[in-house]
Structures are given as C-alpha cells and as structure tokens.
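Please read the following report alongside the sequence and the coordinates.

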There are 2 protein chains.
Amino acid sequence: MNAVAEIKDIKLYMRGLGEQARAAARVLARADSATKDHALAAAAAAIRRDAAKLLAANAEDVAEARAAGLEPALLDRLQLTAAGVEDMAEGLEQIARLPDPIGAITDVHERPSGIRVGRMRVPLGVIGIIYESRPNVTADAAGLCLKSGNAAILRGGSEALRANRAIAACMHEGLDAAGLPRTAIQVVATTDRAAVGELLSMSQYVDIIVPRGGKGLIERVMQESRIPMIKHLDGVCHVYIDDRADLQKAIRIADNAKTQRYGTCNTMETLLVAEAIADQVLPPLANIYFDKGVELRGDAAAQKLVPGIKPATEEDWYTEYLAPILAIRVVKDIDAAMEHIAKYGSAHTDAIVTEDQARAQRFLREVDSSSVMVNASTRFADGFEYGLGAEVGISTDKLHARGPVGLEGLTSQKYVVLGDGQIRT
Amino acid sequence: MNAVAEIKDIKLYMRGLGEQARAAARVLARADSATKDHALAAAAAAIRRDAAKLLAANAEDVAEARAAGLEPALLDRLQLTAAGVEDMAEGLEQIARLPDPIGAITDVHERPSGIRVGRMRVPLGVIGIIYESRPNVTADAAGLCLKSGNAAILRGGSEALRANRAIAACMHEGLDAAGLPRTAIQVVATTDRAAVGELLSMSQYVDIIVPRGGKGLIERVMQESRIPMIKHLDGVCHVYIDDRADLQKAIRIADNAKTQRYGTCNTMETLLVAEAIADQVLPPLANIYFDKGVELRGDAAAQKLVPGIKPATEEDWYTEYLAPILAIRVVKDIDAAMEHIAKYGSAHTDAIVTEDQARAQRFLREVDSSSVMVNASTRFADGFEYGLGAEVGISTDKLHARGPVGLEGLTSQKYVVLGDGQIRT
C-alpha cells in the first residue's frame with residue numbers, strides 16, 4: 001500500500017470529505033443506541049482479527065519514520081504493540097457499554113404558562129481531530145465520535161498514515177455491519193500539510209476542532225480558524241503536601257506523580273511542601289528522586305534541607321518539563337500553596353495531600369483547575385481513569401468541556417418545549 | 001450627575017476595572033449561598049426604594065437621547081417604567097430563590113483504582129457584558145453573575161449611562177449589606193467607545209464576553225478578541241403546521257409567534273404549511289395577518305391559495321425581518337419542512353404543530369436548533385419563560401451554552417478526585 005495517496009486538488013478533496021461528513025452526521029444523529037453499539041462491537045472484532053495486519057502496517061510506518069530520522073520520543077509513540085491493538089479493541093467495546101448520551105429528554109418541568117420545558121442532549125455534528133504519531137487515537141476518537149452521534153474527520157500524523165488507514169478500515173467494517181455510512185469516520189488520506197489548512201477553514205462542515213499536538217498546532221488553529229476548538233495547553237501540575245498530611249501517602253503520591261511517566265501532561269512539575277513538615281518529607285523523597293535520576297531544582301529552603309537540589313529560577317515555576325526534572329518549593333501553608341498554584345499553574349491538575357477535611361474542601365473549591373485532587377496522584381487525570389471510556393483530549397479551557405473530554409464533551413444540550421397550543425401573552 | 005465621567009487614560013481605567021474584577025471574582029467564588037442571596041435581596045429592596053430616582057435618571061437619559069435623534073425603536077427600549085423597575089426588583093428576588101449552582105460535588109463514583117471521581121460546578125470568573133439601551137439588563141445580568149459567583153464588568157449603551165449607574169448603585173448597596181466587594185459589579189463609567197476595545201483585549205482579566213447587540217458588535221468581538229463569547233446571531237424562526245395539526249391550535253400559535261411582538265429574536269419569520277391542509281389553514285390565518293397589517297410573501301402555492309400574498313424570493317427564506325413581514329411556504333410534509341429549516345434556518349427556535357406524537361418526536365430530535373417546540377409559540381424561547389429567572393443572553397452557538405443562558409451558562413464543571421493515597425500503576 002502506498003501511504004501517500006495521489007490527491008491533486010487538496011481543496012476539492014477536503015471539501016468532499018466535509019460534505020460527506022455533514023451528510024453522515026445527520027444519519028448518525030438519528031441512529032439508535034443499538035445500531036451504534038453494534039458498529040462499535042463489529043469494529044472491535046475487526047481490529048482483533050486484523051491485529052497482524054495492523055502491526056505490519058505500523059511496522060512499515062515505523063521503519064520509514066526511523067529512516068527519516070524521527071526523534072525517539074515520537075517513534076516510541078508511533079509504535080503499536082499486540083497489547084496496544086487489544087487495548088484499542090477493548091476500548092471500543094467499553095465505549096459501546098457506556099450509556100448513550102444522545103436523545104433522552106431530561107429536567108422536564110412545567111412552567112406557569114403551561115408549557116413543559118426540558119433539555120435534550122444532541123451531537124455537535126462534525127468533529128475534526130488533528131493529532132500526531134499515536135495510531136490508537138484513530139480508534140479512540142472515532143469510537144467516541146460514533147457513540148456520541150458525531151461524524152469524524154481524522155487527520156493523524158503523516159508518519160502513522162498506514163496504520164491509521166488500516167484502523168479506519170476496521171471502523172468502516174463496523175459501520176457497514178450496522179448499516180451506517182462509512183463517511184461517518186473519514187481519515188484524511190494525504191500527508192500534504194495543506195489538508196490541515198483546508199480542514200481549519202471549513203466552518204460550514206466542521207463544528208469543532210480538537211488539536212492534539214503541541215502548542216504550535218494550537219496557535220495555528222487559533223490564528224487560522226474560526227471553528228471552535230477543544231484545546232489543551234500546558235500541564236504545569238502541582239502536588240501540595242500539607243503539614244497535616246499522612247507522610248507515607250505523601251511520599252508515595254509525590255513519587256508516583258513525578259516518576260510514573262515523565263512525558264505526560266498530568267505529570268507533576270512542581271512540588272509544594274508545607275514548611276512545618278518539609279524536614280521530614282523532603283529528604284526521603286529526594287533520595288527516591290535521585291535514585292531514579294530526577295534532577296531537583298528548589299528554593300532556598302529546599303536547598304537547605306537537601307544537598308544536591310539545584311537553585312530554581314522564577315522561570316522554573318512556570319515550566320512544564322515533560323522530563324525527569326522537578327521544581328520544589330517550601331511554602332508556609334495551604335494559602336501560600338494555593339497562591340503559588342494560581343500564579344504559576346496552568347489550571348490543568350493539582351493535588352493536595354492532607355488528612356484535614358476542611359483544608360481538603362478548601363483546596364477542592366478554591367483551586368481553579370480542570371482536575372483538583374485530594375490524596376491521589378495527578379497521574380489519574382485521564383479519561384480512561386475517570387471512567388469516560390477514552391478521551392478525545394483534555395481541555396484546559398473553562399468553557400464547554402473542562403478536563404478529560406469523553407462522550408459528553410462531544411454533545412450539547414438543546415431546549416425542548418412541549419405545549420398543547422400555548423401562546424405567550 | 002454628569003453622565004460622562006472624565007476619564008483621561010481609558011486603558012489604565014479599564015485595566016483597573018479588570019484587576020479589581022479578578023480579585024472580586026476570587027471572593028465571590030468562595031461566597032456561600034446565603035451571603036449571595038442576601039446581597040440580591042438587599043439590592044432588590046434598594047431598587048424598589050429608589051424607584052423614583054431611577055426613573056428620574058432614566059428620564060434624563062431619554063430626553064438627551066431624543067434630542068440627539070436616537071431612533072424610536074431604541075428610545076422605546078431605553079424607556080424605563082414604574083412596572084419595569086418593579087420587574088427588576090422582582091427579577092433579583094427570583095434569582096435569589098433559584099438553587100445555587102456553585103460548589104456541590106455531583107456524579108461521584110468509585111473507579112476500579114479506588115479513587116472516587118466527581119464533578120464540581122464552579123464560576124467562570126469575570127464576565128464582560130456589552131449591551132445597548134435597555135437598562136434592565138444591568139440588574140438582570142448583574143444578578144445572574146452575582147448568584148453564579150462571577151464578577152461582572154457591564155458596558156451598557158452610552159445613552160443609558162445615568163440609569164445604569166443608578167441601578168449599579170443599588171446593586172452595590174446589596175453587596176455592601178452582604179459584606180461582598182462592590183467591585184464584583186462594575187459599570188464602565190465612560191461613553192468613550194475605546195473602552196469596548198480595551199475590554200475585548202483584556203484576556204487576562206475577562207473570562208467570557210457576552211455581546212448583546214447587533215451583528216456588527218458580534219463581528220467586532222470575533223475580530224478583535226481572543227476571549228470566548230456567548231454569542232447570539234440571527235433568529236430566523238419557523239413554525240411548521242403539519243397536516244395532522246389541530247387547526248385551531250395551529251392558527252393561534254402561528255398568529256402569536258408572528259404578531260405578539262415583531263422585533264424579538266424568537267418571533268417567527270417563516271411559516272411552513274403542509275400542503276394537505278394549506279387550503280384550510282392559510283386563508284383564515286392570512287385574514288388575521290392582514291387585519292394586523294402584516295405583509296405576506298409566499299411561494300407559488302401559497303399565492304394561489306390567498307390573493308394578496310406577494311411573491312417571496314430565495315432571499316426571503318434567509319431573512320430575519322424583525323418587522324411585520326412574514327414568509328410563507330407550502331411544503332409536502334415534515335421531511336420537506338425539516339429540510340427547509342436545516343437549509344435556511346439559523347438554529348435559534350423552531351416549532352411544529354401536530355397531534356402526531358411520532359412526528360413530534362422526530363421534529364424534536366432531528367431539528368438542530370437551540371430550542372425545538374411542539375404545539376407552542378416560538379415566543380416562549382426566553383430565559384424567564386423557561387424558569388431560568390432571567391437570561392444573560394440567548395446563545396445560537398452549540399458549544400458550552402445553547403439557547404437562553406441563565407446561571408448554568410455562567411459556570412463550568414471541574415473534576416474532583418478523592419483518594420486515600422492512591423497512585424497510578
């Protein structure tokens with residue numbers, strides 16, 4: 001299979017995808033739960049059956065990317081394993097088991113005028129998703145869009161095109177089995193970068209863009225497109241160890257939040273420690289970090305407690321390292337911790353470790369982040385861990401969807417009014 | 001009172017408002033329900049007590065606007081009456097009685113990892129509202145922002161500045177009584193148009209803009225601002241009279257939807273009639289419209305049934321007249337009606353009149369508008385009529401808020417994770 005399709009007129013090609021997606025969205029919006037779940041189950045079965053084929057397509061992608069000198073971090077994300085293929089199939093089956101968010105009328109109440117007012121959850125329409133490297137996004141995002149009654153236009157990384165198309169073929173098999181149009185899930189079959197520009201300009205066909213890439217991509221979407229987006233900016237996540245913390249939990253959580261994986265957005269980047277217990281908690285934690293090769297940068301108080309901590313600059317407090325580096329600050333109390341988070345944080349995920357319920361409640365209420373946690377690792381901030389089945393992305397915006405975006409974030413609610421001839425007087 | 005404050009440095013002045021609003025928002029986010037409701041009740045009492053003062057301030061505004069040649073429609077909206085003042089006070093009391101949307105943790109469920117995941121509704125922060133003429137918006141919008149824990153920066157029309165400031169003084173009295181900062185509700189005290197430009201540029205201080213003006217204003221916000229907005233575009237609303245309609249209800253609803261008020265966004269602009277009953281329903285309806293001086297523009301079938309209907313052009317189907325003009329089209333059936341609405345409508349409010357439950361359900365589900373109605377007048381599409389207490393605006397967007405925006409549209413939900421030392425493996 002030649003990964004690069006020969007498409008001469010990108011504009012025409014993309015408009016075609018858009019028009020087909022819009023038409024498919026109307027069909028999907030009307031599809032009942034059983035039909036959509038049948039499509040998801042059949043797609044999962046096709047993925048499982050075609051595992052060897054998917055791995056072979058991916059191996060070709062990886063070989064080509066390696067030859068082209070793709071950096072190791074991206075190569076790592078590009079790589080599919082047998083377990084990864086099984087995860088995709090299971091993910092689709094899990095999405096099928098989730099309740100259908102679409103169609104039910106809720107919150108119905110009668111008004112003095114006699115009308116009954118309620119709300120109905122409906123799909124957004126057509127979702128454009130722009131992502132890189134990781135081929136499993138193709139199955140996850142397509143599955144969530146399908147279940148929520150939306151059509152998807154998927155623009156994955158050029159380096160993953162073979163695997164993405166093979167996965168899309170399985171999704172199409174699922175759609176076929178359920179009698180739904182294949183155009184409900186379309187993979188942009190060209191590596192031409194102009195396709196992204198076209199996608200961003202098609203506001204008549206695309207209702208929302210989900211850019212899953214670096215900040216450069218998000219900047220580009222913000223500048224080029226008038227289509228609303230679910231965007232994911234920095235993850236400068238904090239753990240605050242309160243002086244009323246259980247120190248064993250604190251050490252376990254602070255270790256996990258930093259070292260379980262370095263490159264993810266929900267990894268802790270700054271550790272805040274209450275001064276009253278800093279001398280008990282920092283030395284043993286520092287040993288753990290040093291053993292794992294984590295570089296520590298701290299304020300004067302932290303440096304005084306642990307030799308080997310380098311000085312942190314103002315810049316460090318703002319930094320999302322995505323690497324084995326951790327900033328550490330000793331703070332007076334929960335107020336100082338929340339002030340630090342408000343000033344330097346990115347409103348992604350922040351946790352407090354404390355046994356004091358009143359302080360836990362204050363932290364939950366007052367820290368203005370998409371996920372706030374008590375006595376748990378920031379690494380849990382994830383659609384799968386939250387029970388959303390999967391996630392189409394994590395939103396750091398406040399409007400519409402906040403935090404991991406699953407089915408609900410791909411829908412909106414309209415008002416439904418039921419009358420019996422009522423008029424307004 | 002000189003309506004036009006002497007403000008030399010608009011930029012500095014607006015940044016000051018922004019900074020104060022941001023600080024006030026943090027206080028408001030923490031305020032409990034009783035405190036906010038106390039402020040609302042005290043503000044309502046102040047408005048009632050100051051009714052004569054408010055009417056006098058408004059009379060000065062109106063006199064000046066009339067002298068300056070403001071057009072009659074705007075003069076009409078500018079005018080406050082004693083009943084209007086009472087409505088403002090009652091509106092604030094109603095908002096006080098609504099449940100507080102903020103702070104409760106809902107949807108808590110335990111995950112296999114042992115963490116409990118829930119959601120907490122939180123304020124958006126600082127709301128910037130740009131509006132024209134109608135002074136009651138000052139009380140309605142300020143009341144909704146206050147109850148939902150948001151700080152408000154209100155930029156009303158220059159022509160209404162005296163009344164707006166007098167109303168704001170009453171709101172401040174309410175905030176004082178509850179021990180909340182006056183800076184939670186700030187009226188931009190200058191008529192300098194540059195103030196709007198500044199407001200639109202202050203993304204560090206303003207979380208959301210609500211432009212309540214014409215399309216020109218919305219275009220300006222879209223072009224100048226990176227702050228998200230709740231926007232309200234056209235209201236090209238339809239009533240479809242099905243051939244299974246109760247014709248008495250149909251006539252009553254189609255009359256009311258058009259003629260109860262001509263200049264509102266939820267007024268019907270196009271009437272669709274099933275061909276099987278067009279000859280029974282159109283002639284009597286046309287008589288009603290003609291009696292009220294409504295100009296009718298129809299397709300060939302409508303013209304054939306009723307002499308005096310002028311020909312409609314393609315342009316008419318897209319037009320929001322906001323005037324005593326109505327477009328009429330005879331359609332084959334519900335499918336043709338829904339196709340017309342999908343093509344020409346503005347996704348604001350659309351109604352079906354039918355006694356057929358299956359068709360009603362199809363219409364509710366398949367028409368993609370912010371409000372969809374069965375056997376009721378489109379004129380009901382309104383925050384007050386829906387029981388939201390008031391509305392800060394009506395959204396024709398799909399994301400975040402859709403339809404009349406009350407308290408919930410001024411909030412978002414964050415994820416809350418409760419653990420007992422859980423880490424991710």
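## The open sheet of chain A

In this predicted model, four strands of chain A form an open sheet in the order β5-β4-β3-β6, with parallel pairing; strands are DSSP runs of E with at least two residues, helices are runs of H or I with at least four, and both are numbered from the N terminus, while two strands count as paired if DSSP finds at least two bridges between them. The edges are taken by β5 (185–187) and β6 (208–212) of chain A, each with a single partner strand, so one side of each is left without a neighbour in the sheet. From one strand to the next the twist averages 15°, where axes are lines fitted to C-alpha atoms, for helices over the stretch in contact, and angles between N-to-C directions run from 0 to 180 degrees.

Five bridges connect strand β3 (residues 126–131) of chain A with β6(A) in the parallel sense, and Tyr131(A) stands opposite Arg212(A) of β6(A). Helix α8 (residues 194–201) of chain A packs on this sheet, where it touches β3, β4 (151–155) and β6 of chain A, and its direction makes about 150° with that of β4(A).

## Contact between the chains

Contact here requires that the C-beta atoms of two residues, placed from the backbone, lie within 7 Å; by this criterion 55 residues of chain A are in contact with 55 residues of chain B. Among the elements of chain A that give two or more residues to this side are β2 (116–123), α10 (247–259) and β16 (411–422), and β16(A) gives the most, with eleven residues.

Strand β16(A) is also joined by five bridges to strand β13 (residues 371–376) of chain B, and the two run parallel. Within β13(B), Met373(B) is the bridge partner of Val417(A).

## Symmetry of the two copies

A rotation of 180° with 0.0 Å of shift along its axis superposes chain A on chain B, with an RMSD of 0.1 Å, and the two copies are thus related as by a two-fold rotation axis; the superposition is by least squares on the C-alpha atoms of residues with pLDDT of at least 70 in both. The same surface serves both copies, since 100% of the contact residues of chain A recur in chain B. Of the residues of chain A, His400(A) comes closest to the rotation axis, with its C-alpha at 1.8 Å.

## Conventions

Residues are numbered from 1 along each chain as its sequence is written, and chains are lettered from A and ligands numbered from 1 in the order in which they are written. Because the model is predicted, local features need pLDDT of at least 70 and side-chain atom pairs count only at pLDDT 80 or more, whereas totals for chains, interfaces and linings use all residues.
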